[in-house]
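Let us walk through this model step by step. We begin with charged side chains, then turn to helix packing and the surface.

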Amino acid sequence: MSGIAEVLLNLGYEISGSDLQENDATRRLRSLGAEVRIGHDAANLADALSVVVISTAVKFSNPEVMAAKERKIPVIPRAEMLAELMRMKYGIAVAGSHGKTTTTSMIGHVLTAARMDPTLVIGGRVRSLAGNAQMGRGDILVAEADESDGTFLLLSPAVAVVTNIDREHIEYYGTTEGLADAFLEFINKVPFYGVAVLCLDHPTVRGLIPRVKKRVMESTFTVLHQRRLLGPVTLPMPGRHSVANALAAIAVAAELGIDFTAAAAALGAFAGIHRRSEIKGEVAGVLVMDDYGHHPTEIETTLQAIAEGWGRPLTVVFQPHRYSRTKDLFEDFVSAFDRVHRLILTDVYGAGEDPIPGTSGEELCRAIRRRGHMDVEFVAAKEDVAGGLLPRLSDGDMVLTLGAGDIYKVGEALLESLREQRQ
């Protein structure tokens, strides 16, 4: 949402909006000239208003949405506004259950290094941009496509990237097959002159190939293009999933005529994404990292990458994200933390959802304990985690805060406590 708002601001539109709390995105938009209010209220709507754009988490019972409808002001999902922006450019849209933000950012980084000056709309803060958007003067727009509520089907990109497809958002799609069919529709919306970049390492994506009607470029773990070896790429980040994301960026670069050597050099200098295996700091020998992972597959992938890259005793502080996801993937969450030395769970971050009886962080903790995990506990309030964890940490330990909500604040509080303890 903030990325779309930033692009519109740079195009000269007057932008106003609201969020539940002050954050980096609200501060940045305000600095760029947007009128930003904290809290949702019908009074927030400007007098002269053309359209209201809402995120997936905003319900139609929201007071600003209700007020807009009373005033006959159009209310549209963010994907519809993104689709309008994409019509102005050569659109590249990146979809998938995991890796969207990193892949989108890598593609943008390569295009920027190749002096193509793209417009970027990304779901996470990119360190090299100091935000999650860039208004370029070139003809290309690269955007992250959100599949959570089906609105990514409003997009008609020239290049469609699909990183992977995992069981998620079943509350919307009904079945895994329904989810896969939506991705197939997304792929087949590519025009005749476009291309679909698909990661065939993932079985569900591979299973769509017989029904794909568009030209396809494949991404595998070996950097090949049309059976020709291109050469090595060194990424400044761990994990096989990062390799797969980079291969999608290289495939897009090849389609746009960017030399492989230039693409590889750009990826070698890629600074990474805010909240994607982000090292927050190290104090008194304790390394604190934060990651946005909130799906069992993402969690397992992140934990594997950490084990391969660091090999330090690991404490994970996990905040489940959304009651529907926690309920639907409960058993997968139970088995996702087997390689963790110490696990702390907080209550579910609802993201606008109402609680579901029997679905909670505490219930998940009990199930993981029944599975045989030797050191797992539930702490209802995340504000209490840092204080309880501090005396149990030793030189050489690593702490990972994990989840799509506000669990990163625990890592920040822990680092501050470690600094105070050292003084």
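In this predicted model, the side chains of D328 and R167 meet in a salt bridge, at 3.2 Å from N to O. D328 sits in helix α12 (residues 323–328), while R167 sits in the loop between β9 (159–162) and α6 (170–173), so the pair ties together parts that are 161 residues apart in sequence. D328 has a relative accessible area of 31%, so it is partly exposed. R167 is partly exposed too, at 35%.

A second pair joins R312 and E282, with the closest N and O atoms 3.3 Å apart. R312 is in the loop between α11 (296–309) and β16 (314–318), and E282 is in strand β14 (residues 278–283), so this pair ties together parts that are 30 residues apart in sequence. E282 is partly exposed, at 45% relative accessibility.

E35 and R37 also form a salt bridge, at 2.5 Å from N to O. Elsewhere, R342, D375, E377 and R392 are linked in a network of salt bridges. The count comes to 22 salt bridges.

Now the helices. α1 packs with helix α2 (residues 24–31) at an angle of about 5 degrees, and their axes are 10 Å apart. Angles under 35 degrees count as roughly parallel, and α1 and α2 are therefore roughly parallel to each other. On the α1 side, S2, A5, E6 and L9 make the contact; they meet A25, R28 and L29 in α2.

L11 is partly exposed, at 32% relative accessibility. With Y13 and M88, L11 forms a nonpolar surface patch, with about 320 Å² of accessible area together.

Key
Residues are numbered from 1 along each chain as its sequence is written. This is a predicted model: local features need pLDDT of at least 70, side-chain atom pairs count only at pLDDT 80 or more; totals for chains, interfaces and linings use all residues. Side-chain values use heavy atoms; hydrogens and water are left out. Patches are made of residues with over 30% relative accessible area and no salt bridge: like charges are joined within 9 Å, nonpolar side chains (Val, Leu, Ile, Met, Phe, Trp, Tyr) within 5 Å. Accessible areas come from the Shrake-Rupley method with a 1.4 Å probe; for residues, only the protein chains shown count as cover. A salt bridge is a side-chain nitrogen of Lys or Arg within 4 Å of a carboxyl oxygen of Asp or Glu. Buried means under 20% relative accessible area, exposed over 50%, partly exposed in between (1.4 Å probe, protein chains only). Axes are lines fitted to C-alpha atoms, for helices over the stretch in contact, and angles run from 0 to 180 degrees between N-to-C directions. Helices (H or I, at least four residues) and strands (E, at least two) are DSSP runs, numbered from the N terminus. Angles under 35 degrees count as roughly parallel, over 145 as roughly antiparallel, 65 to 115 as roughly perpendicular and the rest as oblique. Contact means heavy atoms within 4.5 Å.
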